[in-house]
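Here is a short walk through one model.

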Amino acid sequence: MSPVPRVVYALSDVLLFQPVSPFAGLPSSPSHSPTIVPIPASADPGPALLFHAQSARLVSLIAAGNPALVANLILHLAELANKPVVLHLTAEDDLSDVLLLRPAVPYFLLSSSAQQAHDNALLASRLARSEHKLVVHVYNPALSEDSLEDISEEKLRAFLVNPSPSGTANSVNGTPSVLQQLYKSYEAAALATLSLVRRPFRPLVVKGTPNPHTVVFTLGLNDIHVPVDGVTFVSVALMSPLPSARILSAIPESVSRVVVLEQIHRWSVKWTPLYMDVVSALQDREYEQRPVVQTGLLGDTASLTEADVLKFLQSDPESSRLQLGALPSPVTASSIPPHIPKHELSYTKILSHLFDERLEISNSPSLVESQGEIATSPEFALGRVRGQLDERAELVSAVQDLLQSKGLDESLHTSLAKWLLARENAVESKALGASIVKSLQEAPPAHPSTARILALRGHFASVSRWIIGSDAWSYDLGASGLHHAIASGLNVNVLILDTLPYSSRNSADPTRRKHDVGLYAMNHGDVYVASVAVYSSYSQVLQALMEADKFNGPSVVLAYLPYESESASALQVLKETKIAVDTGYWPLYRWDPSKEALGKEPFSLDSDAVKNDLQQFLDRQNHLSQLVRSKPQLASELVSSLGESVKEARKKKAQQSYNELLTALDAPPLLVLYASDGGAAEKLAKRLANRGTARGLSTTIATLDSMSLESLAQEEYVAFVTSVAGQGEPPQNGRTFFKALNAAVARGDQMLTKLRYSVFGMGDSHYWPRPEDAQYYNRPGKDLDARLEKLGGERVAALGLGDDQDADGPQTGYKEWEPLLWKALGVDAIEVTEAEPEPITNEHIKAASRYLRGTILEGLDDTTTGAIAPSDGQLTKFHGIYQQDDRDIRDERQAQGVEPAYSFMIRVRMPGGVCKPDQWLQMDQIADEHGCGTFKITTRQTFQFHGVIKRHLKPAIQDINRVLLDTLAACGDVNRNVTCSSIPTLSKLHEKVYQFAKSVSEHLIPRTTAYHEIWLDKKQVAGEALKDFEPLYGDFYLPRKFKIAVAVPPNNDVDVFANDLGFIAVVDDNGELSGFNMTIGGGMGVTHGNKKTYPRIGDIIGFCTPEQGKYVAEKVMLVQRDNGNRADRKNARLKYTIDKMGLDVYKAEHHFMMFIENGRVQDEPGRDFKTGLREIAKVHKGVFRLTTNQHICISDIASEDLPEIKRLLAEYKLDNLEHSGLRLASSACVAFPTCGLAMAESERYLPILIDKVEKICEENGLRNDAIVMRMTGCPNGCARPMWQASPFDSGKPISSHMSSEVAFIGKAPGSYSMLLGGGYYGQRMNKIYRETVSEHEILAILTPMIKRYALERLEGERFGDFTIRAGYISPTVSGMKWYEGMGGEGEHREITA
Ligand code: SF4
């Protein structure tokens, strides 16, 4: 590593680097940790430098001194000149770029050896810090560091503490010039640095004979070590300030010839900087005493010999340009295409996909090789476009001329005329052009235009011209060339990528204004403008790019792509984008002036929130008044943007405070604050609040995160209730509060002196198997209690601890704690005579719902909130609808005082997963029109839509019903979607089994008419005269969900044993279906740490015929309805009923299977799977079968459609079967951001983990071996992590079963429980191997394990079986024994104390 980063790290307060961190591998210092700010490649570091220089004592940037960086920096030099900033710029063989900065910076240092770079880094830091001046230091990072003398870190730090102010120069002749002052300061700093390093600093390093005849000045990045008689070499170390006197002192009067050699290979003016300095210094000498001055190029001098130097000195003194040392080849000097950060490819890929060979990127990096680095600049690109357009116009006029000529062949005449009309049409212009060229070549008409047309034939095809650049162009619209593009009127498209992450926007310099290019361009009136974000709305990006291409004039597309560094994960980019769009920081919109001519509104707002300045612009425009008239609802959304919501929230808060004040006059106030993930702590807190009210206290209740520490400081009595999440962490809705609390404790604040409090914590003392993990038991409760005291709070009742392991669960501890609280509040003597209100449970909600109606209809009409009432939220599940909110932006919205971004998930009921093409097309459209643009295939063979907002719910459900599908009973405490094996090779049998599954589903469907009434606007049955009746479910429906699957051996892709009720088809010798063996009591859900819950394999209970099936299903379900546990939902599934009651009680053609990762049907850059499937649905006449492993089988393809479907599969890359066995067998649930129960990422993270585990498999030769790996965001088990997986046949017949051999269950962000040992054939459950692991630990565990498996596995042995044989984990023999042997076996057991 070059010594510069080490010095800089030790001395700076803030470090910026671009693009790769030079600080990796540096030992962290206990005493000094500078702020490190990565600057994305091609981004402008100027704003960040300016911002940090306001407060930091020393800011340093390490970056490659390339043209893009120099162009960015030049714009900021005037402002940076008087700031304590050092720019350490690297250069290897050419100073052309960095020297452009020299005229505008106070200090410019140059190092030509590693030791000098080390020392100059020290000197530069000292100068910048003591003088508050900008210093540029250029060095070559590749120089040898042999014999480098380093300075210890303590000495380095001490060096900069209180640097003595430099002396101000006293000019002999009065006031010193600026140059003199700067030079004096340099000398003072050099002297101080010398005392540390014991090496002198000289602006010019002179080596050679005392009375030379020749002096050779060198300005370069390496030294000349060759002594030559009569010659002195002067190496320049200080380019600015460089007084003439210093130069003259290096040229004794004996000298007759001066040669100035500079390592400058691209210089646009005739005279180079050092040459000019030397010549002007010599002007002070008498004319006769002036030596001859020559200029030349300095190349690589490392291998120079004395002979080389002598030869050089003997060269023609009249020669105007000399050269010493080998010059870099032009390839290394200028034709290396700039690096394009990987994230940016997401936009360029869309462009190439959309426009294919029509795409012309006018500043493409590929042009650098032929045109030099200038090729990537916007000015160059604009010039290129202008030239091309001129040539095309010339072609048009030549064609017109030719058309006028007489005797033209008729077909050529027609083609020419057609081309003129269709010349902007991408396809036709190209085809017609080709035919014209052919005709002209075969029989050239005798007309002067013929040759012109042939010379210009490259312009026949219509091209989409794009210039791509960064938001750095926005800082100076004029200098960047952007203004010229906008004002040019040319048909050119500009794509500007803005990479500044939303969360870092405050660390950029707020005083430096980046122009809103969108607004600027819109003000021009005739420019198409769009603001897009690929990670927010892919379809909007496509729409904008296509509109921009179509627009006949300049188009500007502003594209958001927030990332700190190239290593930022796609997930981080996605989250930053979502927050920016949701808050209005990055609004999505399109402005198409061509629409005005058609009488349409040019502005479309594609996201909900809009920036204030954009709002003002719109207000100013007449267009808005038209908009208000034409779309009143849109206008009100614009006006009531975020600012209004914040005001509203504040108003509400003020009202609430006022109410509190009034009630507080009557009784002492008690605030109950809770943090709860699973709902238990919330329930207890609500109960506590009710009991407080019953005792005459004025109680309020809120979540921990809704309270700031400042507000808490105003409270008097507060009771806290909290549970535990993950590894002793606070629950999600308490984390922000805990962070603030920890920070206040760290600061030593005493802000809660008014507070009187008591804490009740809930946890499980046996949750963690390892004794050393006992510390996590009730950790948040304990921490909260201790920290409140540290902040000055007074504990009025001792900490209460509820333990799941106690006889009465947490209630045991709670019963002891609560009386203490009442005593402290002085209300213990109050007798509560009224019965406490019974907590409302799901059972109450169901019973009172009037057969699933509740107040859903009223809730849908309420436009003041995006949510529905909590009790309705329980009921809509029966209608196939879940209320969710976007958890990625939850915190940001809370900080802004607006409600969470509510949306709904809709699940379709589709027995057997069979979907017709028209139904598929409808699903595709629903996702675009009502949802988030994508849809997901679930493990229960159906579709799920996410992100449907309230006002889209009804239209979405109506659209689903329009194609004869529905959502009734897709969720809720009823029989769910009946799944059935996908057996495309046995179509006849599949048809029978599918019909059977459908009949069971129809038989068990709820009979309430509420669904039709609410969603399909049907009238309530006979005006309520005739009451709804549920013959199967009754008023209370089932205690929990009920799942049925139908399997056809040898296929068990539906995981039949994992269902409440399973039917295993029995096929007779003729291949006919004779009946089913039945299994009951399977299920996978568990709750972390709740030993009353466990996964269970179903038991076989007997045989039934196809006709009996639905009645048997009914009876099994009714037994569960009447005997299931309704008091505890976690213990309510049939599996527990069976274990409670005992099993005896119950004994009374062409197909193509395609891989869709985690079932998500979406378009991504380069992977337009959603579009591809839509195109296939348009031609396919058979059906789509969804599989329970979230893939799709295109079934019954008609022979005549086969070629077209194959073509579409290939076009959209849907026929790619080259995935590893591991990936094909993987599966993940949705989890973040929409699932409210998710504790960790799943669908968005599993592919990233698979990438890494795939590498391990490949290294061990296991690329094609399927290891079944599954992941869920919580223990609910939506991707069956503990249980079986399903086969994937890669287009071949399915013939095997698999089981989840490695599984991960989310516990907290970034931590998972790891399970091993599942049976590949569905014969065995896996179990917990490690309680909590991070990615690092997962890879550390799997690397040796997979290696051992590759080396030691027996013939045909599956990974799950191997982990048991090799002694990692014991087999799970039954659900009730699931907890035995957790944590691994023998030497592989989690280390215990
Ligand atoms: S397993 Fe948990 S996190 Fe994943 S979707 Fe199901 S409930 Fe949500």
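Start with the open sheet, where four strands run in the order β29-β41-β42-β37 with antiparallel pairing. The edges belong to β29 (914-915) and β37 (1151-1154); each has a single partner strand, so one side of each is left without a neighbour in the sheet. Strands here are DSSP E runs of at least two residues, helices are H or I runs of at least four, and both are numbered from the N terminus. Two strands pair if DSSP finds at least two bridges between them.

The model is predicted: local features need pLDDT of at least 70, side-chain atom pairs count only at pLDDT 80 or more, and totals for chains, interfaces and linings use all residues. Residues are numbered from 1 along each chain as its sequence is written, and side-chain values use heavy atoms, leaving out hydrogens and water.

Now look at β41 (residues 1183-1186) and β42 (residues 1192-1195). Four bridges join β41 and β42 in the antiparallel sense. Phe-1184 faces Ile-1194 of β42.

Next, the ligand. Residues around it (a heavy atom within 4 Å) include Cys-1229, Cys-1235, Cys-1274 and Cys-1278. Val-1230, Leu-1237, Thr-1272 and Asn-1276 are also among them. The shell holds eight nonpolar residues, four polar and no charged. Nonpolar covers Ala, Val, Leu, Ile, Met, Phe, Trp, Tyr, Cys and Pro; charged covers Asp, Glu, Lys and Arg; the others, Gly among them, are polar.

Finish at helix α31 (residues 779-790). Its buried residues (under 20% relative accessible area, 1.4 Å probe, protein chains only) include Asp-783, Leu-784 and Leu-788. Just after α31, Gly-792 has a positive phi of about 105 degrees.

Note on methods. Buried < 20%, exposed > 50% of the residue type's maximum accessible area, 1.4 Å probe, protein only.
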